[in-house]
Amino acid sequence: MKHKVMLSIVGKQSYQDQEPDSMELVTEGTMEFLDGGWNITYQESELTGLQGVTTTFRVEKDRITLARTGSLRSTMEFQLGKSHDSLYQLDFGALMITVTTRHLFFDILPEGGCIDLVYDIEIEKTEGGTVDYHLDIRRVE
């Protein structure tokens, strides 16, 4: 069963020789326990630059999968200490990205919880920097 949640998302992207770029977003979403894992889903907005995109964090025992659908399509898999390749498909073309998970923590219960995720990203085999996500999830019904 899906439940409404409020999500507080803090994201920081750090690139070589540049000031980190931070973003904070509070938005409504849903959470659902399905097939042994949690799906946390929300709609992106103009604030994130991804309007028209649906983002889902799939949280399982030893991994998190970040899937985006809509005008941007991508599926990134995060497992501590491992690298995963994925296709990042945009309206104008696709890029091959590699993510390497540096930190992965989650604590999710039916009432809500949190996700902490830090990963390095390479775009077309070129260093892209580090991304740091923190999500607070609070059930509202």
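This is a predicted model: local features need pLDDT of at least 70, side-chain atom pairs count only at pLDDT 80 or more; totals for chains, interfaces and linings use all residues.

Reader: Which residue in S10 does Gln 13 stand opposite?

Author: Gln 13 stands opposite Val 131.

Reader: And what is the order of the strands in the sheet?

Author: The sheet is open and has 10 strands, in the order S6-S5-S4-S3-S2-S1-S10-S9-S8-S7, and the pairing is antiparallel. At its edges lie strand S6 (74-78) and S7, each of which pairs on one side only. On average, neighbouring strands of this sheet are turned by 30° against each other, with direction ignored.

Reader: Let us stay with S7. Where is Leu 90 placed?

Author: Leu 90 belongs to strand S7, which covers residues 83-90. Apart from its neighbours within four places in sequence, Leu 90 is in contact with Ser 71 and Leu 72.

Reader: What separates the C-alpha atoms of Leu 90 and Ser 14?

Author: A separation of 22 Å; the two residues are 76 apart along the chain.

Reader: A change of topic: which residues of the largest nonpolar core touch the most other members?

Author: They are Ile 40, Ile 115 and Tyr 119, in a core of 30 residues. In soluble globular proteins, nonpolar side chains tend to be buried together.

Reader: What is Tyr 119 in contact with, leaving aside its neighbours within four places in sequence?

Author: Its contacts include Met 76, Phe 78, Val 99 and Tyr 133. Val 131, the residue opposite Gln 13, is also among the contacts of Tyr 119.

Methods
Residues are numbered from 1 along each chain as its sequence is written. Side-chain values use heavy atoms; hydrogens and water are left out. Helices (H or I, at least four residues) and strands (E, at least two) are DSSP runs, numbered from the N terminus. Contact means heavy atoms within 4.5 Å. Two strands pair if DSSP finds at least two bridges between them. Axes are lines fitted to C-alpha atoms, for helices over the stretch in contact, and angles run from 0 to 180 degrees between N-to-C directions. A nonpolar core is a set of buried Ala, Val, Leu, Ile, Met, Phe, Trp, Tyr and Cys residues joined through side-chain atoms within 4.5 Å. Buried means under 20% relative accessible area, exposed over 50%, partly exposed in between (1.4 Å probe, protein chains only).
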